[in-house]
Every structure is written in C-alpha cells, then in structure tokens.
Amino acid sequence: MAINQEVLDEMLLPYPDKVQKNRTKHIVRKNPEEGCQQIEANTRTVPGIISQRGCCYAGCKGVVVGPIKDMITITHGPVGCAYYSWGTRRNKARADDITPPEQIYGAMCFVTDMQEPDIVFGGEKKLAKMIDEVVEMFHPRAVNVCATCPIGLIGDDLGAVTKKATEKHGIPVLAYNCEGYKGVSQSAGHHIANNILMENVIGSGDAEKNPSEFVLNLLGEYNIGGDSWEIERILHDIGYRVQGVLTGDSSVEEMKNMHIANLNLVMCHRSINYIAEMMEEKYGIPWLKINFIGVEAIKKSLRDIAQVTGDETFIRRTEEVIAREEARVLPVIEHYRKICTGKTAFAFVGGSRSHHYQYLLKDLGMEVVVAGYEFAHRDDYEGRSVIPTIKTDADSKNIPELDIKPDPELYKEAHEHLNLTKEKFDEICSRVPLGNYEGMYPDMNGGTLMIDDCNHYEAEQLVKELKPDLFFAGVRDKYIAQKMGVPAKQLHSYDYSGPYAGFNGAMNFARDVANALTTPAWKFIIPPWEKESENKGDINA
C-alpha cells in the first residue's frame with residue numbers, strides 16, 4: 001500500500017509551525033528511486049506531545065538489568081518508580097544447575113521508598129541499610145542499585161555507597177546512575193546498563209573454554225514469554241553451546257564467562273550493540289546481527305551462523321534442523337496464512353521489533369504499511385554505515401563512553417576466535433555481514449511510511465486515514481487502535497501469549513494474529529469518525 005503525501009500533509013497541518021518542522025524530519029515516506037533517506041531520531045520529544053517513550057531508568061532497570069534472575073535490583077527512589085518497573089514485562093526465568101529456585105528474584109520488588117524527609121536530608125544511609133538487609137535475608141550473588149530522578153537531583157553518591165557495600169559483603173554491588181531525565185528516552189538507560197555490566201561482570205569469570213565446542217552468546221534477547229528458550233532449543237539441536245543470554249533468563253555466573261564465546265549474536269541491536277562492540281574491542285569476539293522472528297528470517301540467521309563457523313558439520317546440521325522444523329511448522333502457518341493474506345498492519349514497537357516482525361508478517365502474506373521505533377537512533381533505521389555522520393548532542397554526552405582496550409591476555413583476532421585462517425575468514429566476511437546491521441529502511445516497501453517517536457495524535461490520524469487491519473504497539477498505545485475498532489497486539493510482553501521467536505513462536509504468532517483478525521467483537525465498535533455528532537442545536541447546549 002503506497003501512502004499519499006496528502007495524508008501526511010493533513011496529519012501535520014494542525015501542528016504549530018515549529019512543531020510541524022520538527023516532526024517532518026522524523027517521518028520518511030520511502031521512495032526507492034531516492035535511495036536511503038535520512039530520518040531524525042534520538043532527539044527530544046516535543047514538550048506536550050503524548051509520546052510512547054519511556055525514561056532512562058525504565059531502559060536500565062526495566063529492560064536490561066531487571067531480567068537477570070539471580071541479582072537483586074534495588075530501586076533507589078520513591079515507590080512509584082519501583083512499582084512501575086515491577087511486573088510489567090514477562091521476563092521468564094527458571095531454576096537450573098547454576099541457579100537454584102531460592103536465588104531467582106525477578107518476581108520481587110525492592111525499593112528504598114524515599115519520602116520527603118529523605119529527599120531533604122539525603123538517602124545514602126537508607127540505601128546502605130537496605131543493601132545490608134537484602135544481603136542478610138536473601139544472600140544474592142550480586143546487587144544492582146538503580147537511581148531514579150530525585151536521586152540525581154539531591155546528589156546521593158551511589159558509587160560511594162555501593163563500593164562500601166561491595167567491600168563489606170564480598171559480592172558485586174553495582175551502581176547505575178540511570179536517573180529518568182537522562183538522555184531523551186529509555187535508550188540512554190540501555191547504554192548505561194551496558195557500560196556497568198561490561199565493566200564489572202562480563203569477563204570477570206575464570207572458566208576455560210572446551211576447544212571442541214562452538215560457543216555462542218545471545219545478546220539483546222529478554223525471554224519475553226519464553227523466546228530465548230525456543231531460540232536456545234534450535235541452537236542446541238544444531239550443536240552449538242549457548243554460554244549466556246543478555247539478559248533473558250541470565251545469571252551472573254553465566255555472564256561472568258561470556259568472554260569465552262566464539263561468536264556473539266545480536267538480536268536487539270539498539271539495546272545491546274554497545275556490549276557487542278565493547279566485547280569485540282576488548283576480546284576480539286566478532287558479532288553477527290540475527291533475527292529469530294519469522295521462518296524465513298530464522299533460516300537466514302541460522303545459515304549465516306553456520307557459514308561463519310566455516311564447519312561443514314554445522315552447515316549440514318543446520319539444513320537438517322531447518323528441514324525438520326519446516327515440515328512441522330509450515331502447514332500450520334499456511335492454515336493461518338489463508339486468513340491473513342492481503343491484510344495490512346502498523347508496527348510501533350521498541351528495540352528491533354518493528355523491523356523483525358515485518359518478516360513474520362510477510363510469512364503470513366501481510367504488509368506493514370507504517371512502522372517506527374520509540375527510542376531508535378538513526379542507524380536502526382538507515383544502517384550502521386551512517387554512524388560516522390551522526391552528530392553527538394548534549395543529551396548523548398550525558399552518557400559515558402568507556403575507553404575499552406584489548407585485554408593483554410584474552411584478546412584474539414576474530415578469525416582466531418572462529419578457529420579459521422585469515423584468508424578463510426575474509427572470504428566468509430564477503431558473504432556474511434559480520435559486525436553490520438543495514439537497518440529497517442531497506443526492508444520497507446516503496447511508498448510505505450517510516451516514523452520515529454510516533455505520538456498518540458499521529459497514530460490516531462494514520463489509523464483513521466489508512467484503516468489498517470492490525471495494530472502492533474506497546475501496552476499504552478494499543479488502546480488507541482482498539483477504541484477505533486482496530487484489533488491491536490501488544491509486542492512488548494505479548495499480551496500474556498508467546499513465545500513468538502523461533503519456529504514454535506511463528507506458529508503461536510500466526511494463531512494469535514488470525515484470532516485477532518477474525519474476532520467478531522471489533523465489528524461492534526463504532527470508530528469515532530463514523531459516529532454522528534451528539535451535539536445538536538445550540539453550541540452551548
């Protein structure tokens with residue numbers, strides 16, 4: 001479906017001139033003849049606009065460090081922020097040989113509950129006391145302390161408190177200065193969390209790699225509804241060993257030894273690309289951008305991984321697993337495809353999901369006509385080739401950049417990590433895009449719309465004009481579409497369904513989408529533009 005420029009002009013018309021100029025830069029209508037067009041991203045939301053974005057604290061605590069199952073995460077701040085970050089995502093975790101059930105803390109909420117006197121006189125003593133209490137009661141392997149807005153404003157020194165606690169208790173107590181006002185969105189929190197984990201956890205273990213194993217890390221996968229378990233199942237069937245997942249169902253013990261991996265796989269580019277780059281700089285471990293959402297995308301990712309190994313056994317096993325899974329999954333997807341073919345969708349989701357799910361919707365015969373991210377940077381849209389041209393603004397300068405140096409003992413060249421000759425490695429790199437991500441733009445169809453930081457008003461107007469069959473968004477935004485008579489699917493925690501990753505996830509997703517499209521309830525909702533005006537006669541009536 002090609003979107004007319006008139007639709008965009010009409011949507012932008014009510015804005016004041018300054019706001020209209022700002023928002024125009026965040027909206028790109030794809031024209032294949034013009035090549036990749038620049039889009040504005042990772043800039044401040046216009047004040048007064050109801051944005052889909054979260055804050056820096058939400059990105060740090062809620063996305064990256066919250067899913068680590070054997071770390072207690074303390075929110076230093078008022079109870080409201082802690083409550084908001086608890087129980088909002090379905091980061092599943094299970095006990096295993098490394099982590100017993102009594103050391104899984106993801107379902108618990110810890111907060112210093114800062115009150116007015118604490119704000120006036122400071123909360124460092126209260127935080128120190130709480131760390132003592134949780135260590136005494138729960139005996140965690142490590143503790144995270146995440147700051148909220150008031151903490152940065154009153155100047156509590158988290159670093160000093162956590163340093164003393166580390167010395168006192170003999171376990172890592174990590175401070176995250178992720179006050180909500182930092183940066184322009186939750187993306188800043190991702191970056192801060194990546195820095196702290198890289199400095200204090202990753203590489204601190206002493207495990208030795210078994211030379212007969214090919215070891216992978218899965219980065220940017222948060223096990224929503226069990227996604228990482230499904231991905232790990234597939235990788236194990238092929239013969240790989242997954243050392244650690246950042247951070248879905250992950251444990252500190254696994255994360256400490258992630259430096260022994262042969263290859264890093266990056267699922268969510270935005271939230272975790274910093275660690276992929278830092279591990280490459282420090283240890284030489286190459287990384288590959290992959291996508292396990294959608295049958296065709298899974299097949300390509302598995303084949304790329306196998307090609308990178310240069311091992312014929314992995315290449316053969318990959319094809320065997322693909323053939324086995326396709327024989328089981330494709331008939332189910334074809335059943336639902338008959339319902340879904342020809343339907344259109346919007347996708348306003350964070351991370352890489354707005355891009356990933358386009359593959360799965362293509363498998364179902366659907367087209368995404370409008371897509372955008374909540375907290376992306378330009379490289380998520382246009383590809384990593386534009387990174388050198390991105391200007392660092394004042395908000396981005398608030399986030400420290402670590403000065404990573406090659407580890408004198410553990411650093412190896414990329415081809416050595418893969419057990420390949422330099423010549424073989426270079427030949428593989430000519431076919432497989434190691435260390436690269438082309439962004440969402442190349443996979444959008446001509447005439448479709450790419451929109452950054454889409455707000456409630458714009459979503460409403462686009463639904464009204466384009467009337468999509470399905471609307472994908474976060475938990476707050478799905479209700480806009482539903483009130484307009486359009487079925488909506490929440491892709492941040494799957495509305496208590498899932499997993500949606502992997503081959504089993506593709507079947508789950510196809511079922512849920514078909515159910516949403518055929519649910520008769522939507523026919524009984526009258527969209528606002530079809531209702532007759534209730535105000536008749538005198539305007540003051």
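**Exercise 1. Where is the place of Glu 374? Work out its surroundings too.**

Before you start: this is a predicted model, where local features need pLDDT of at least 70, side-chain atom pairs count only at pLDDT 80 or more, and totals for chains, interfaces and linings use all residues. Residues are numbered from 1 along each chain as its sequence is written, and side-chain values use heavy atoms, with hydrogens and water left out.

*Solution.* 

1. Glu 374 sits in the loop between strand E11 (367-372) and helix H16 (378-382). Helices (H or I, at least four residues) and strands (E, at least two) are DSSP runs, numbered from the N terminus.
2. Glu 374 has a relative accessible area of 2%, so call it buried (under 20%, with a 1.4 Å probe and protein chains only).
3. Skip the neighbours within four places in sequence, and Glu 374 is in contact (heavy atoms within 4.5 Å) with residues including Gln 52, Arg 53, Asp 453 and His 492.

**Exercise 2. Sort out the sheet with strands E2 to E5.**

*Solution.* 

1. Strands pair if DSSP finds at least two bridges between them.
2. Strand E3 (110-111) and strand E5 (173-176) each have a single partner strand, so one side of each lacks a neighbour in the sheet.
3. Now zoom in on E2 (residues 71-76), which two bridges join to E3. Here Ile 74 stands opposite Phe 110 in E3.

Key: Buried < 20%, exposed > 50% of the residue type's maximum accessible area, 1.4 Å probe, protein only.
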